[in-house]
Amino acid sequence: RFDGDVTINMGTSTTQNQTVTTANVNVTAVGNVGAGTDDLITYSLPANSLSATGKAVRIRAWGTAANNANLKTVTLNFGSQTVLTTALTPSVADSWWIEMMVVRTGASTQDIVARLEETGSNVMDMELTAGTQTDTAAITIKCTGAATADNDIVQEGLICEFLN
């Protein structure tokens with residue numbers, strides 16, 4: 001078992017950089033069920049993952065929206081905080097993509113930036129917020145979908161990476 005940082009040379013320079021590691025990949029599609037808000041894909045970031053200032057995670061989520069007139073909203077949560085809530089465009093067969101960066105700035109404090117892009121209608125939403133999640137406990141990362149009919153919103157995947 002190795003508990004230190006793994007580093008590699010940056011290109012052909014002698015400067016060392018820490019590697020990016022994949023913590024979780026989930027590509028099991030999950031759709032909303034009926035009317036209301038449903039959890040889509042969820043990941044539990046292990047306790048103490050953000051153990052020091054500057055530690056960071058990158059989360060990528062993506063999915064589709066049905067081509068109907070129903071209202072559809074995708075939400076991204078980091079722990080108990082709603083980071084991003086975006087209403088998707090109705091009556092368009094659509095794809096959406098979210099990327100979120102979380103960087104520990106101190107004990108149980110984080111800088112969080114997230115953006116959502118919707119391809120069918122070129123909608124973009126971006127949020128920057130201060131996180132207040134307890135980093136010595138597991139932190140739930142999840143998308144939710146609020147819609148009217150089954151599979152109005154389908155999350156196709158979620159990837160979580162450690163950046164250092």
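**Glutamine 81.** I started with glutamine 81, which lies in strand β8 (residues 81-88); strands here are DSSP runs of E with at least two residues, numbered from the N terminus. Before going on I noted that this is a predicted model, where local features need pLDDT of at least 70, side-chain atom pairs count only at pLDDT 80 or more, and totals for chains, interfaces and linings use all residues. I also noted that residues are numbered from 1 along each chain as its sequence is written, and that side-chain values use heavy atoms, with hydrogens and water left out.

Is glutamine 81 buried or exposed? I found it buried, because its relative accessibility is 14% (buried means under 20% relative accessible area, exposed over 50%, partly exposed in between, with a 1.4 Å probe and protein chains only).

Next I looked up what surrounds it. Leaving aside neighbours within four places in sequence, glutamine 81 is in contact with Leu76, Thr129, Ala130, Gly131, Thr132 and Gln133 (contact means heavy atoms within 4.5 Å). With glutamine 133 there is also a side chain to side chain polar contact at 2.8 Å. That term stands for a pair of N or O atoms within 3.5 Å; within protein, one must be able to donate a hydrogen and the other to accept it, and residues adjacent in sequence count only if both atoms are side-chain atoms.

I see β10 and strand β11 (residues 123-131) pairing in the antiparallel sense over nine bridges (two strands pair if DSSP finds at least two bridges between them). Four residues separate the two strands of this hairpin, and asparagine 122 in the turn has a positive phi of about 60°.

**Positive phi elsewhere.** Most residues other than glycine have a negative phi, so I made a note of these. Asparagine 48 has a positive phi of about 70°; I located it in the loop between β5 (36-45) and β6 (56-65), partly exposed at 44% relative accessibility. Serine 108, in the loop between β9 (94-106) and β10 (109-118), has a positive phi of about 55° and is partly exposed at 25%.

**Cysteines.** How many disulfides does a search of the whole structure find? I got zero, with a disulfide taken as a pair of cysteine sulfur atoms within 2.5 Å. Cysteine 143 is buried at 0% relative accessibility, and cysteine 160 is buried at 1%.
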